Each structure stands twice: as C-alpha cells, then as structure tokens.
Amino acid sequence: MADYQVTVSTSYLDDAGTCDHVFIKLVGKDGESERTRLMDSKGESSFTRGAVSTFTVSCPVSIGKLVRIELEKQPSQNPDKWFPTKVEVKSPEGDTFKLVICQWITDSEVHRFGEGEEPGKQPFQKLDTGIPPPEEGTSNFPSDRLKTDSKVPRFIEGTEPGKRPFEKLDTGIPPPEEGTSNFPSDHLKTDSKVPRFREGTEPGKRPFEKLDTGIPPPEGGTSNFPSDRRQTDRKVPRFGEGTDPDKQPIRKPNIGFSSPAGDTYNFYIYCRNTDSEVSRFREGTAGDTYNFYIYCGNTDSEVPCFREGTDKMVFQQKSVAFEETRMAIPGVRSQTLSLSNWLWGPPDRNQREKDYRWHEHAEGIPHCMKAEDLSDLPSEVQFSFTKDAEFKLTAAFGLVELKVKGLADSRKNWHDIDAIKGVFWCKNTDISDYVQEHWKEDAFFAYQFLNGVNPMLIRRCSALPDNFPVTDDMVFPSGQFSLENEMEEGNIFLCDYKRLEGVKANIIHDKQQYLMAPLVLLHKTPDDKLMPVAIQLKQTPAEDNPIFLPTDSEYDWLTAKIFVRSADFNEHQINSHLLRTHLLAEVFAVSLLRNMDRTHPLYKVLAPHTRYTLHINFLARDHLISETGVFTTFAASGGEGMVTLMQKSLSSVTYSSLCIPEDITERGLEDVPNFYYRDDGLKLWDIIHRYVQGVLSFYYKNNDAVKEDDDLQKWIGDIFEHGFLSQEGTGIPQSFTTVKELVKFVTMVIFTCSAQHSAVNAGQYDYGGWMPNTPISLQLPPPKTKGTTSEATMLQTLPDMGTTANGMAVMWLLSKPSSDFVVLGKSLEYHHSEEIPSHYIKAFQGELQTLSARIKIRNIGLEVPYTYLDPAVIENSVAI
C-alpha cells in the first residue's frame, strides 16, 4: 500500500472556508488513486477559514511522479463556496509536489490542477514551431486567460491561442536587448479579430501616455504593475503605472506628491474590491516594490483611489516627508507634501467622519458608534457571512433547546439542586463539570477571585475598612494568628463590591430581586492556599447585617457565598467585561476609523484588533442591554440599575488600572502564589509591548514625529473626550508628546481588545454553566440573623427556572468562538509589507507560540487549568 500525505490550505479571506464535502484524485505517470473524500479522524471536514489540514490518500501501488490532482466539492446541507490556496502532496518516495490553487470553487465540477500550472489550465506541450529555445533551455509561455474547454492550448513567441502570429506594429518601439519582445495577453477574447499589443498598453486601451513629469523611468525600462491581489471573482485585473482596467490612461491628476523638480508620481488603483483583505501591487521591471493597501468593501460605481503605503513618516512643521527606503520612488530621495492635501486628504476624512459618527447611548457612559440598524454599519466592520450565520444559529439552537424543555419562560422555582444539571447537560465543559462538583468548597470559592472570570477585584489588605468590623476572635478563634500580624505579613486580602451599593435591583417575572454589595476577607494560609474567613453582605454594619464566618452553619455560610457570587456576576458583567473591554474597544475602534487614513502606521497596527467589534457591540445593545434585552430582563442589575452601575464603573476607571503591570502593583498582588491571570498576563503585556515598540519606532523616529502627527493627536483626543468623557482624573492622556507614551497606550489598547477580553469572557460558561456558582439574580433578601437558612431557603433564593435558563444560554453563546476566529498575532502580516515591521511581526508571533507552549505544559500539572490567556485561544479583537 502506498500512502500519500495531502496537505490542503484554505485562505484567510472571509467566507473562504466550506462545510461541503471535498474529494481528491491523484493522477501520476504510472496510475491514479481512487476518488477519495478528505476527512479528519472524526469524519468531519477540515476546511474552515485559514485551516491547514493533512490527510492520507492510499493507493494499492505507487502512481509514480504526480502529474495532476483533481479536486471536487460536493454540497452538504448548506452549500457554500471555498477558496483553497494550495495543495501539497508528499509521495511514499519522499518527493513533495506543490500545487497552487488560489481560486474560488463554487460548483460541484471536477477541477484539475498540475504542478507548475495555473488554475484551470493544462500543462504546456512543446510545439514544433522551428523557433529555437533560449540559451537556458526550453521556452515556457504561461497563459493568463481563463480556460473553459478541454483543448490543449499552444503558444509560440508573440501569439495567443486562436490568433495569428503577432504582427510587428509600426510603433517605433525597439525590442529589449535580449531579442524579441514578449507580450502575454491578459484579456478574455470573444471575437475573431486579431488583437495587437504594445509595451505599456492593455487590451482595449490606448497606449500608455507619458505624464508630463520629467521623472525618468526605472532602470529596467517602462514600468509595469502586475497585480497579485487576492481575488473574489474570476476576472484577472491588471494594473499599469497610470492605467487601469476599463479606463483611459491617467492624465495629470490634481492629487499627488511633488518631487524637488515639481514632477508628479501617482499610484492609482481602480478596482471593484469586494472583501476587506490587503491588496498589494508591485512594480514589475526594476525590482522596486510599491504597496497599495485596499481596506474597503467597494460595491458602488465610484472610483476609489489608493496611494502607495509603505514609506516611513517624518513630520516637519505640519508636513510629511518620506525618507528614502528600499521601497522609495526611483530617483526621488525626499518628497514633501501638504498634510491636508495628500496623505490624509479632506475628502477621505469627511467620508470617514460621516460613516463613523459618535453617539451618546446613555449619559455618563462611553459613547458608541451611531447606528440605528445593522445596515448602517459600513461593510468593512460587519460580520462575515460565516460569522453572522454561526452566531444566529448558535443563539437559535440554544433558545429552541430551552423552549423544548419548557424552561425559557418558566417561572417555577427549583425544588432539587440536581435538576439544574438538565438545563444544558450536553454542553458541559471539563471546568464546568469541576465547578459543579466543587462549588461549595471554600478553597475553590477563593480560587475564583484569582483565576476565574473576574480576577479584577481582589487586592491586598493592609488595614481593615471602617465599615467591616472583623475581629481576631471571629477569623482566628484558635488564636494561632492575629489580623494585625497577618496584614503586616501581606497575608490578608479584600474583595469590596462597594460599586453595587445603591444600585436598584431588577424586577423579574413581577418579583423583586436582590443584589448585595458585600465585603469578603481572605487569608493566605502557610501552605499558600487562599481561604475566605469573613463575609459581610451589606456595606453598612448593623445588627441585621451579620458577618458570616466559615464556622457558621452549612447553609448560613453557603448562602452568604451565593450572595457574593451573584454580586460578582453583576460586577463582572457590567464593569470588568462590558465597560472595560467591549465599550472601550469600540471607542478605540471608532476613533481609529474616523481619524486614520488606511495607510497610516497606527491603522496598520490596530486594524486587526478592531475586527467585528462594532458589529458585536451593536448586537449587545440591541439584544442584551436594550429595554427588552436578555440582560435587562433577567439580571439583578438589569433595568434602571444597569446604567447606574456603568456610570459608577466608568468613574472608577483609571489609566493605570487598564495597564496590567501597574494594576497588579497597585493591588499589591505581585507575589500571590497560584495567580495565573497575573503570570500569563504580564508575559503577554511584555510581548505585545516589544512588538508595538519595534513597529512604531520604525515609523516614529523621534518625539517630534509624534507631536506633529495631527491625526494621531485627534485619535487620542477623541478617545479622551468620547471614551472617558474628558475626566482628567482617569489619567488617560489627552495628547501624545513622546514615542514612549504612544507605545504604552497602543500596548494597552491591544492588550484590552485581545488578552483582557479573553480573560473576562472566555470562561463565562465554564464558571457560570453551573448556575448556583454564578447566580444571575437572587429572589430573596439575605438572612438578617444567623441560623435561619436551610436547603429549602437556598433553593427559594436562587433564580427561577426561566431566569436560570436564559442566563446560562447567554453565557454559553458568549463563550463560543466562531469558526472564523482569528488568533492573537495572526494575519498581521497582511497589514505590513515593510521589512522591519515584518521582522517584528514574525518575532511577535514566535514569542506568542513559545508562551502558548509553556502555558500548556504548566496546565498539565494543574487541577484546574488556566487557559484563558493562552495565546492560542485569544482572539485578536473583541468579536464575541
């Protein structure tokens, strides 16, 4: 038996993946394989967006040297298209054959590809033409046309299939020094006329007209710009310097940048771009490379203009100068252009400001993007079809399951704690199973303050608050320790939910709910375990507000912990999750999209970290926190209390609290054992900081470059005004004066949008999938005296069946990544083409991979693995 290893790569283009059945046949010189379906070990397809999957195709005997492959896609229940990029086949003899595909497969036909060919074409055959080959050997003439029949095309010097030999045109253009000039045809021919082509022209267009610029052509001669952009259709666009498909040659334009001699060098690409990928176009004769970034979904008939986007910026008295680099314009060392007339032109800014408008959703909270409907969002920030469909289906399936079980609208109380297991029994995770088993234990209760979904509240306690009158006799009845000594040793910790004080609790199913503002005291034991030692459920000490202790009755102590866990749920969702990641990420994104040209260095760095954020936040406002939203309807802090809590939370946000190194230091948690959020988070911060520093230092050579970048200053100014409501006490910068300040802030933005969001989002169902551990609301007030609780009162206190089911469904939905998930550090190379930034990107990706491997090794030895800051599971942006 001869086994062939087949590796199939799927593009990172949106909607490039497929759930259809993919078949392959290998054809060799000595035989061929059977038509084989490509499936993984579980019998599932492996062709999601960006996937690289390896399969085994077995043949009875070796088929010899591979001649071609045959790919076939048969529709499944929901047929879709597929964009494979390449296929590699490794033979039993150890030979590897690489076949470039790079095309959409939308039908169920058989597509044949041979090594060294282009998609849809057959191998070249040597022709008996009498034309001697070049000195190097046999001459090859690649065809650029799309072939639709099965005939073998033949090519001779200067001809195309179905046409007479090329006739010399009376142009006066001498051929290159090497001899006869080659003119491959790029157009699809539908008539029988003989087309003629001259150097510098395209089919159906007049010859290239020389611009009155005085700039000599590159050393290689006439400049050509073949396009190597990723296509979403089957047309082959070609771009010439100053020309475009279906357009007349460019005449002298009114936008450009001037050389010292007053000449104009223009890079205009006119294309119908239907995706949000980066398109690159390079000069094809002199070896110099010019990069054109197309960051738009262009679906209208307007003419979009794109400028060369790879040079470094030097700001000098409100103007921009381009330094000479390997990407520099031939013969031009330094060009100065008006800041307002070219790079960040007024027409572009006006359109961006129209597309991305600020809106005050509620007083006292960060502003958002103005959008009455999803269709108001520009296409470049909307979900892909795959993401949109999966998100809706996941939500629909969860709701259908609850309705089938009769839980979604039930107002009944739970009469048996074990009955809660049946809500989403088939969706349990390893950690949710562990939570279900250990939720009552004190050690696990305390563990969640460090490594649960809200590790943002705990801090070291050096002095007890005046409103928390705990004594030594209460917490250390054996006299082994004293509070004063333990606080001096740094062994006492406090969790204070004071922001919840005064927040009006919701009314659910016509019944008043209860939300406390507890204080929790924890002690680090000599064996480095963190244990709760006292809980007070209200902020004001009183006789009817007892301090609960581990020595109290089982249900007194357990009920107190349940009220703390419910308070933590509401504090976490509104402050740690919604405000500090989702809403701030939207502020960062809207300001970026309003103020930055798509070739601005900061846009290149931050664009991957804004993906889907505006869309997911619109859905959150529409379906979660609207008047009829799930959170508003079923959470204790929903309704009137939600805005109050968001306002309080924003007033407590500081710049230092958003930067994990400073936040950990301020909370006194530098040496707390078993604190994996801190360990992994600090490493991630350092890795991100090195990457940002390397890339931005390439563009900003000195502090003056930062201070004189008007768009950069507008970006941070908008963030200060619309994100932090111009509150100077937050410490958020109002402007940037140094490269160091810029690097720190951009590091914080990337960390917030990726790592921090993962830390507070990814584990929601792990820790909330067992409702008693994370009650979304509570139906009874806390006990006023000890000794009045029981299992029955605990069950009556927990949320009813409908509230439980809807809360668990939302946490399940928000914890489930989509198939077009983009991992932290992935796809950054599509936004940069310069050598130095590309080097830092590769180093960044390598460091993330190393950290991921170390975290996986550490987690092997942990009873409860901490995975939420593993770079392999962190998404680039707030997208869920």
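Modeller: What follows is a set of questions and answers on a predicted model.

Colleague: How many helices and strands are in the chain?

Modeller: The chain has 22 helices and 23 strands. Of its 880 residues, 54% are buried. Among contacts between residues at least 6 apart in sequence, 71% join residues at least 24 apart.

Colleague: Why is H5 called roughly parallel to H8?

Modeller: Helix H5 (residues 442-451) and helix H8 (residues 554-595) pack at an angle of about 15°, and their axes are 12 Å apart. Angles under 35 degrees count as roughly parallel, and therefore H5 is described as roughly parallel to H8. The crossing of the two helices is left-handed.

Colleague: Which residues of H5 and H8 meet?

Modeller: From H5 come Asp 442, Phe 445, Gln 448 and Phe 449, and they meet Trp 557, Lys 561, Val 564, Arg 565 and Asp 568 in H8. By kind, the residues of this contact are four nonpolar, one polar and four charged.

Colleague: What makes Lys 73 and Asp 20 a salt bridge?

Modeller: Their side chains meet at 2.8 Å, N to O. The cut-off for a salt bridge is within 4 Å, so the pair of Lys 73 and Asp 20 at 2.8 Å qualifies. Lys 73 is in strand S6 (residues 66-74), while Asp 20 is in the loop between strand S1 (2-10) and strand S2 (21-28), 53 residues apart. Both Lys 73 and Asp 20 are buried. The structure holds 30 salt bridges.

Colleague: How do you know that Asp 711 and Arg 349 form a salt bridge?

Modeller: The closest N and O atoms of Asp 711 and Arg 349 are 2.2 Å apart, and the limit is 4 Å. This pair links distant parts of the chain, with Asp 711 in helix H17 (residues 710-723) and Arg 349 in helix H2 (residues 346-355), 362 residues apart.

Colleague: Why do Asp 711 and Arg 349 count as buried?

Modeller: Buried means under 20% relative accessible area. Asp 711 has 3% relative accessibility, so Asp 711 counts as buried. Arg 349 has a relative accessible area of 11%, so Arg 349 is buried as well.

Colleague: What joins Arg 690 and Glu 847?

Modeller: Their side chains meet in a salt bridge of 2.6 Å, N to O.

Colleague: Why is Ser 649 called buried?

Modeller: The relative accessible area of Ser 649 is 0%. The cut-off is under 20%, so Ser 649 is buried. Ser 649 is placed in helix H12 (residues 640-652).

Colleague: Which residues is Ser 649 in contact with, leaving aside its neighbours within four places in sequence?

Modeller: Ser 649 is in contact with Arg 499, Ile 574, Asn 575 and Leu 579.

Key
Residues are numbered from 1 along each chain as its sequence is written. This is a predicted model: local features need pLDDT of at least 70, side-chain atom pairs count only at pLDDT 80 or more; totals for chains, interfaces and linings use all residues. Side-chain values use heavy atoms; hydrogens and water are left out. Axes are lines fitted to C-alpha atoms, for helices over the stretch in contact, and angles run from 0 to 180 degrees between N-to-C directions. Helices (H or I, at least four residues) and strands (E, at least two) are DSSP runs, numbered from the N terminus. Angles under 35 degrees count as roughly parallel, over 145 as roughly antiparallel, 65 to 115 as roughly perpendicular and the rest as oblique. A crossing is left-handed if the near helix is turned anticlockwise from the far one by less than a right angle, and right-handed if clockwise. Contact means heavy atoms within 4.5 Å. Ala, Val, Leu, Ile, Met, Phe, Trp, Tyr, Cys and Pro count as nonpolar, Asp, Glu, Lys and Arg as charged, and the others, Gly among them, as polar. Buried means under 20% relative accessible area, exposed over 50%, partly exposed in between (1.4 Å probe, protein chains only).
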